[in-house]
Amino acid sequence: MEGKVADRFSDFYEKWMAQLEDLHQLLVASRKHAQEGGLEDIVNKLTAHHKEYYEVKWATAHEAVLPFFNPVWLSPLESAYLWITGWKPSMAFRLVKSLRTAQTPAGWSVDAGVTEEQVNKIEALRLKIKAEEERVEREMERQQVALADRKMVELAKLERIVKRNGDSAAVSQVNGLVEAAVSGLLAGLEQVMKMADCVRLKTMKGLLDVLTPVQCVDFLAASSILQIQTRKWGKMREKSSNDAQNFVAQE
């Protein structure tokens, strides 16, 4: 089950990333040629694209959640920066800060026209999101330590005993208990994954609500290219590592 789900989501993710690249190009073109009033359409397209990602992710994870905690569709570099199956919301605020303090080669700068009111709203949102991140992390910790609950330990011992005794009826009964217990653990992981995703979505919506259309385009363009390039860097590094291993194997 997990393998088929991972393969299906891998196909979706490749297409989704290709579409993200196309949308990024539209963002850059819109930023150069459109007036502020004409930018909302491309912002809406990109936010809809992200919404589609989470809709497909949640539907797929309901079939099998474990692949999202060990995503084969990501390179090791991308996986290294995951926070509970996705990007950490705090990163978005760091990105906004980076765009305010440094001009990028493409000319993006969220600082353009930023007001004190916006700064205060972004800081208030950052503190709120930080608290929600901590709540999700506490729930994730609770799910992780649940594996060591007394019932799980006793079940592990019982399974070992009945298999050693060779009682097929007892083995079948215990297997049913194990399946029910593991299903409960997986349901917990699915819940915490959705909690984390909701914080991600709340972060993006909150920032886009505060920023002007021009600033939204700059922010979305920067976040998109960061995701796109990190994936390319990860794939390049993965390919180089595999090529080196194949070379050694042939020696």
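Is T85 buried or exposed? T85 has a relative accessibility of 9% and therefore counts as buried, where buried means under 20% relative accessible area, exposed over 50% and partly exposed in between (1.4 Å probe, protein chains only). The tour returns to T85 below.

**Before selecting anything**

The model is predicted, so local features need pLDDT of at least 70 and side-chain atom pairs count only at pLDDT 80 or more, while totals for chains, interfaces and linings use all residues. Residues are numbered from 1 along each chain as its sequence is written, and side-chain values use heavy atoms, with hydrogens and water left out.

**Whole protein**

Show the cartoon. The protein has eight helices and zero strands, and from the N terminus its elements run α-α-α-α-α-α-α-α. Helices (H or I, at least four residues) and strands (E, at least two) are DSSP runs, numbered from the N terminus. Colour by accessibility next: of the 251 residues in the protein, 39% are buried. Contact here means heavy atoms within 4.5 Å. Of the contacts with a separation of 6 or more, 81% are between residues 24 or more positions apart.

**Stop 1: α1 and α2**

Select residues 2–33 for helix α1 and residues 40–63 for helix α2. Two packed helices are described by the angle between their axes and the distance between the axes. For α1 and α2 the angle is about 170° and the axes are 10 Å apart. The two helices are therefore roughly antiparallel. Axes are lines fitted to C-alpha atoms, for helices over the stretch in contact, and angles run from 0 to 180 degrees between N-to-C directions. Angles under 35 degrees count as roughly parallel, over 145 as roughly antiparallel, 65 to 115 as roughly perpendicular and the rest as oblique.

Now show the side chains at this contact. On the α1 side, select V5, R8, F9, F12, Y13, W16, Q19, L20, L23, L26, L27 and S30. They meet I42, K45, L46, H49, H50, E52, Y53, V56, K57, T60 and E63 in α2. By class, the residues of this contact divide into 13 nonpolar, five polar and five charged. Ala, Val, Leu, Ile, Met, Phe, Trp, Tyr, Cys and Pro count as nonpolar, Asp, Glu, Lys and Arg as charged, and the others, Gly among them, as polar.

**Stop 2: K57 and E63 in α2**

Centre on K57, a residue of helix α2. K57 counts as buried because its relative accessibility is 0%. Leaving aside neighbours within four places in sequence, K57 is in contact with F9, F68, T85, M193, D197 and R200. K57 and F12 are 45 residues apart along the chain, with their C-alpha atoms separated by 9.6 Å.

Move to E63, also in helix α2. E63 is partly exposed, with a relative accessible area of 43%. E63 and V5 are 58 residues apart in sequence and 7.5 Å apart in space, C-alpha to C-alpha.

**Stop 3**

I84 is not a glycine, yet has a positive phi of about 50°. The phi of T85 is near 75°, a positive value in a residue other than glycine. I84 is buried, with a relative accessible area of 13%. T85 is one of the residues in contact with K57.

**Stop 4: α4 and α5**

Select helix α4 (residues 90–101) and helix α5 (residues 116–145). Their axes come within 9 Å and cross at roughly 155°. The helices are therefore roughly antiparallel to each other. The crossing is left-handed, meaning that the near helix is turned anticlockwise from the far one by less than a right angle, with clockwise giving right-handed. S90, F93, V96 and R100 in α4 meet V119, I122, L125, R126, I129 and E133 in α5. This contact has six nonpolar, one polar and three charged residues.

**Stop 5: residues 115–142**

UniProt places the feature "coiled-coil region" (unreviewed entry) at residues 115–142; its positions are given in the numbering used here, feature names are shortened, and annotations may be inferred rather than shown by experiment. The span is 96% helix and 0% strand, and its end C-alpha atoms lie 41 Å apart.

Finish on E141, found in helix α5. E141 is partly exposed, with a relative accessible area of 49%. The C-alpha atoms of E141 and V192 are separated by 9.9 Å, the two residues being 51 apart along the chain.
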